[in-house]
Every structure is written in structure tokens, then in C-alpha cells.
Amino acid sequence: GIMSNISNRQKIESGRAETAYKFVVEVKGKSYAKDYKPYVKKLAPLIQTNGFGNTIAFISSKSKFDKNGNPNNAYAKIYKQLEKYLTEKKLIEKDLMKSIVSVDSKKYRQLTTESLALINWWRRFVDGLIDDDDNK
């Protein structure tokens, strides 16, 4: 019935909220925290203007990793976090860029919708948790 639908939807939303919160907490105190905030806030408009694939390609091209493959800048962290989330949601197999290129249009729309839903929470938490002077 309607009630179970509502609670299920709330579960999904609170799962997204929790994930977004954890993602932002991971970044606090990192050298790239001050970049991370505006980049996360730009994600939704970028996706709406240029499409999901183009946006991810852009983020991927700007990503820098250390020799162990750990994110070395805000773009790389965002890329890895989104990839992790979509992998856990079983919407992609591990490699985000490769997945986007190979999925059909239905799956592509799913990826876009799910990412935007996460970003909606993600933006709220970067605002609340990362100060503009968080650059220690």
C-alpha cells in the first residue's frame, strides 16, 4: 500500500543522505577540501547542462591520483566517491567511465537520476560541514 511505499522511499533517501554525509566527512581537513565544496555544488548544473557522461568525462580528465591510486585532488575524490556509490547500488561494474560508455540509454538515465538524487544531499552537506576557510 501507500504507507509501505513512503517508508521505502524514505529508506532510500536516508541511505543517500548517509552516504553523502560520510563522503563529505572523509574530505574534512584534506588539502583539497576548499575545492571540493564548490566542485560538488557545480555537479548538478553541469550534469543538467552538459549531460552525465560529459560531466564525468570532465571530472575524470581533471582527476589526479598519487602513485598508490589514491585521490590527490577534489575532482579525483568526487569521481571515486560517485563510482563507489554507483557500484554499491549495483548500477555499474567498478569502472565509472567505462560503464557510462557501454550502458544502454535506459541504464544511462538511471545513472543520471541516481547521481542527481545523491548530489542533492551531497550539496547540502558540503554547505553545512565544510567552511570556506577549511583549508588547514
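The buried residues of helix 3 pack against helix 2 (33-50), helix 4 (74-88), helix 5 (96-102) and helix 6 (105-129), where contact means heavy atoms within 4.5 Å and buried means under 20% relative accessible area, exposed over 50% and partly exposed in between (1.4 Å probe, protein chains only). Helices are DSSP runs (H or I, at least four residues), numbered from the N terminus. This is a predicted model in which local features need pLDDT of at least 70 and side-chain atom pairs count only at pLDDT 80 or more, while totals for chains, interfaces and linings use all residues. Residues are numbered from 1 along each chain as its sequence is written, and side-chain values use heavy atoms, with hydrogens and water left out.

| Face of helix 3 | Residues |
|---|---|
| Buried | Phe 52, Gly 53, Thr 55, Ile 56, Ile 59 |
| Turned away, exposed | Asn 54, Ser 61 |

In the contact between helix 3 and helix 4, Phe 52, Ile 56, Phe 58, Ile 59, Ser 60 and Lys 62 of helix 3 meet Tyr 75, Ile 78, Tyr 79, Leu 82 and Leu 86 of helix 4.

Beyond helix 4, Glu 93 lies in the loop between helix 4 and helix 5, and it counts as exposed at 70% relative accessibility. Glu 93 and Glu 83 are ten residues apart in sequence and 9.1 Å apart in space, C-alpha to C-alpha.

Note on methods:
Helices (H or I, at least four residues) and strands (E, at least two) are DSSP runs, numbered from the N terminus.
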